Amino acid sequence: MCGIVGYLGNNQATPVLLSKLRCLEYRGYDSAGVAVIEGDRLNIIKSAGKLSNLETLLQQERPSSTIGIGHTRWATHGSPTNENAHPHTDSTGTFAVVHNGIIENYAQLRTELIEQGYVFTTETDTEVTVHLLSREYEKDQDILGAIIRTVNVMKGAFALGIVSLKHRDRIYAVNHHYSLTVGLGENESFLASDSTAVRQYTNKIVRLEQSEIAEIKTNSYRLFSFDGTEAFREPVSLNTEPYKIDKEGFKHFLLKEINEQPLVLRQTMSKYLPNFSSNPKAPISFNVERFSADSSEGVYGVKMTDNEIKSIKRIIIVACGTALNAGMVGKLVIEQLCSIPVEVEIASEIQTRNILADESTLVIAVSQSGETADTLAAMKAAKAKGAYTLGITNRPDSHLAQIASNLIVTECGIEVSVAATKTYVAQLMCFYLLAIYLGEKRGSISQDHAVEMKKTLHAMPALMEQILAREEEYKTLSLKLADASDVVFIARGVNYPTALEGALKLKELSYIHASGYAAGELKHGPIAVLDSAVPVITVLVPGKVYEKTLSNAQESRARNARMVAVAVDGDEMAPETFDHIFRIPPVEELFSPLVTIVPLQLMSYFVADYLGKDVDQPRNLAKSVTVE
Ligand code: M6R
């Protein structure tokens, strides 16, 4: 979703701002702009559409300035037009503001400001900020005071970048339930809503805490809380390599990330199950570690004591989208191995309910970005009830990492493509490891059983490599489905979430309507949509639910649906029911979601690419969904 950047120093600001905006592109956006202080004016250049549009304008205008802010906007209030693009300015052209998030009381503030004579020129909620700043600054010419008074009347979660003609030596940044990072270089400073965009330039960073304001100058910074109290925090020097954003020869980031999945599984396992080959009986270790890649100097790992783990009576998993599907697999595995009741909740739904969580509840929030507003709100609501909290995220520098008491990090590197793939399988791996970990601690599984399961997990990356080697075969099969306008995915048990995730991937990437169903539910309604135009894709793995799933597929065949399956090599029953089969090597049912999703990811990719869709940045989608 929206991204904020800022620069001040001795170099030209716009090339730096543009390059930082490129780093944030993957978050998803539909317009972009910059504001630089050029001579005695604020020069605001912005455009709807891709960054290339902004780049063209910048090449034409060539603004000369060493201080500015920039933004990629994902439209919430008002369509993605040039006017609604950020930055926004006040009627005197004194302030420019970029904004992430939503100002929930903007309508009331807007009415109040209009009554006071302020003229609005956009449909955005953001514009109230700049008029409020202007109004408050008029009172005493104290810019910090004006910012403090402004943010104190705004409700919601937001981050701001501010420049002012009256104070040409500084940028202000405001963080309120968002993420913002300040980077400190040699005679230059940087601002970005994602530390990736700062790491290109410097490894010395300050992450803003919640409800904090930063005054950033070329060689210094000051931090203030919303009541004006100054805070003193040293910057942190990161010792990790900056993320590399490179397609490495693949046509798209998505294809690269699908192919990285075996590596991601290996990395995640070797982190939490080190030395398994030499000592298969070694326990899973979610040891607490100092986290050096984050200025919060936090720690991560599972910090609950054995007694606390034994005291858990209930688990609630909260997440959205793909992470929610991973959570559904997590539920089945934890229930099976630990005999703890687990509920999976759509984060946007649970947060406003009376969450039935208490001191014996563990709430697990799953989020690739760690910035998903709904997931964070659900986690905070559960935390307020006294529940234990555990975050599973790919971003140890995220907001989720700050608020979760326990943290498991998926070892994926940055995921650039908006559609989640490698982070999904890494989340699944974390759930398998967590379930075995909890099961061993609670005594619900034996050590021998745990060792067997760890062996199975260890074999998964190689299995996945065998599947990826069938890419060409899958491509041929996939293109047979590219003419469909509706696709149904069915499965049972542990692969029901695979059906949901398969449908989500196809929708996101190809814009073909797709739905996933528990196979047994098909006859309770969805079967009405079936005819010879509708492919029904069945995920079928030998095990507890095989026969019943096959029967449900046959019900579809009897309605003349186009029959497609993901089925294992050697399944001789499958050809009787299915016209097209994505074959995978035999796999144990409980762990099969780790690999059954791979042909479906590839299928969605091939169909979307064939249809000419924007594979890495599908329309309307954002990678970090930072509004509720
Ligand atoms: O960053 P998160 O994992 O919290 O994001 C949740 C969803 O927005 C995300 O999984 C979304 O569904 C992806 N586009 C899936 O490909």
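Helices (H or I, at least four residues) and strands (E, at least two) are DSSP runs, numbered from the N terminus. The model is predicted: local features need pLDDT of at least 70, side-chain atom pairs count only at pLDDT 80 or more, and totals for chains, interfaces and linings use all residues. Residues are numbered from 1 along each chain as its sequence is written, and side-chain values use heavy atoms, with hydrogens and water left out.

**The whole chain**

Begin with the entire chain selected. It holds 20 helices and 27 strands. Its radius of gyration is 26 Å, close to the 25 Å of the globule rule for 628 residues, so the chain is as compact as a globular protein of that length. That radius is taken over C-alpha atoms, and the globule rule is 2.2 Å times the number of residues to the power 0.38.

The accessible surface comes to about 23,000 Å², and carbon and sulfur atoms contribute 48% of it; the areas come from the Shrake-Rupley method with a 1.4 Å probe, and for residues only the protein chains shown count as cover. Of the 628 residues, 61% are buried, where buried means under 20% relative accessible area, exposed over 50%, and partly exposed in between (1.4 Å probe, protein chains only). Contact means heavy atoms within 4.5 Å. Among contacts with a separation of 6 or more, 71% join residues 24 or more positions apart.

**The domains**

Colour the chain by domain next: domain 1 covers 3–237, domain 2 covers 253–467 and domain 3 covers 470–610. These bounds come from an automatic or database domain assignment. The C-alpha centres of domain 1 and domain 2 lie 34 Å apart. Their contact takes 14 residues from domain 1 and 15 residues from domain 2.

Select residues 31–38, strand β2. Eight of its eight residues are buried, so the strand is largely enclosed by the rest of the structure. S31, G33, A35 and I37 point one way from β2, while A32, V34, V36 and E38 point the other way.

Which strands flank β2? Two strands pair if DSSP finds at least two bridges between them. Strand β3 runs antiparallel to β2, joined by eight bridges, and A35 has I44 as its bridge partner in β3. Strand β4 (residues 67–73) also pairs with β2 in the antiparallel sense, over six bridges; there, V36 stands opposite G68. Zoom in on the turn of the β2–β3 hairpin, which has two residues between its strands and includes G39 with a positive phi of about 60°.

Move along β3 (residues 41–48) to S47. S47 counts as buried at 9% relative accessibility. Leaving aside residues up to four places away in sequence, S47 touches S31, A32, N53, L54, L57, N82 and A85.

**Strand β9 and its partners**

Now select strand β9 (residues 181–184), where T181 and G183 point one way, V182 and L184 the other, and all are buried. Four bridges pair β9 with strand β10 (residues 189–192) in the antiparallel sense; the bridge partner of G183 in β10 is F190. The two strands form a hairpin with four residues between them, and N187 in the turn has a positive phi of about 55°. Strand β11 (residues 204–207) also runs antiparallel to β9, with three bridges, and V182 stands opposite V206 in β11.

**The parallel sheet**

Finally, display the open sheet of five strands, ordered β19-β18-β20-β21-β22 with parallel pairing. Strands β19 (342–346) and β22 (406–409) stand at the edges, each with a single partner strand, so one side of each is left without a neighbour in the sheet. Neighbouring strands are turned by 20° against each other on average, direction ignored.

Within this sheet, β20 (residues 361–367) and β21 (residues 388–393) pair in the parallel sense over six bridges, with A365 opposite G391 in β21. Axes are lines fitted to C-alpha atoms, for helices over the stretch in contact, and angles run from 0 to 180 degrees between N-to-C directions.

End at V342, found in strand β19. V342 counts as buried at 2% relative accessibility. Residues V342 and R314 are 28 residues apart in sequence but 6.0 Å apart in space, C-alpha to C-alpha. Residues up to four places away in sequence not counted, V342 touches I315, I317, K331, I334 and E335.
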